Amino acid sequence: LGLEQLRASKAQELAEQQLKLNLRRFQAILDSRYAGVLVMDMTDRVQFCNATLCRMFDLSEEPGQLIGLSATQLDERVRMAYADPERELNRINAILERAEPVETEEISISRGRTYLRSFAPLMLDGRPSGRVWHLIDITERKAQEAEVERLAYYDPVTALPNRRLFLELLERALGQAQRHRALLGVGVIDLDDFKHVNDQLGHAA
């Protein structure tokens, strides 16, 4: 009996070591991702988070130091990272009350940054076992999209609206005038000596 207990104890020890090794590997994989990951258990305590999440919310703690914190304690640490803390915390509470997946909603962060947030309940064997939050910093992407839009609708030399924007706005205004049976006026301004600009830079300018 003693030998069997020893073997069982050794097997359990090896299983725990393997589990810890797998968790470290899992942590390393998630820390190498560009996304922040937070897992909360059913008691609303931090079960897992990665280093990216800590960086995104300017947390001084390492991921391991956050394990076991309550949702309230975590909220106190991250609230000032939001551009509008009360609004975002109310939104988080609403998400938790509904307990339904949320995919890629934008949230405003201080210093003009924008994150994309997703949420999903965790299910094991058909039973709720926690919740996972997933966040991506899309600030640079939004800036690039804004720049592409600016170049599409504004002249790069003068920064004035170009013909494409004018035609789209005119089409929109015509549609509104027709729907409301209203009159629409369009004015044309002629710039003297602008021919020289066309001759030097082309009519596309």
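## Salt bridges in a predicted model

R77 pairs with E61 in a salt bridge, with the closest N and O atoms 2.8 Å apart. R77 sits in helix α4 (residues 71-78), and E61 sits in the loop between α2 (51-56) and α3 (63-66), so the bridge ties together parts that are 16 residues apart in sequence. R77 is partly exposed, at 37% relative accessible area. The model is predicted. The salt bridge count comes to 15.

| Salt bridge | Closest N and O atoms |
|---|---|
| D44 and R131 | 2.2 Å |
| R77 and E61 | 2.8 Å |
| K142 and E106 | 3.4 Å |

Take D44 and R131, which form a salt bridge with closest N and O atoms 2.2 Å apart. This pair links distant parts of the chain, 87 residues apart. D44 belongs to the loop between β1 (36-40) and β2 (46-49), while R131 belongs to strand β5 (residues 127-137). Is R131 buried or exposed? R131 has 14% relative accessibility, so it counts as buried, under the 20% cut-off. D44 has 32% and counts as partly exposed.

K142 forms a salt bridge with E106, at 3.4 Å between the closest N and O atoms. Here too the pair links distant parts of the chain: helix α6 (residues 139-153) holds K142, strand β3 (residues 102-109) holds E106, and the two are 36 residues apart. K142 is partly exposed at 30% relative accessible area. E106 also counts as partly exposed, at 46% relative accessibility.

Which residues are linked in a network of salt bridges? They are R87, E88, R91, E105 and R117.

Note on methods:
Residues are numbered from 1 along each chain as its sequence is written. This is a predicted model: local features need pLDDT of at least 70, side-chain atom pairs count only at pLDDT 80 or more; totals for chains, interfaces and linings use all residues. Side-chain values use heavy atoms; hydrogens and water are left out. A salt bridge is a side-chain nitrogen of Lys or Arg within 4 Å of a carboxyl oxygen of Asp or Glu. Helices (H or I, at least four residues) and strands (E, at least two) are DSSP runs, numbered from the N terminus. Buried means under 20% relative accessible area, exposed over 50%, partly exposed in between (1.4 Å probe, protein chains only).
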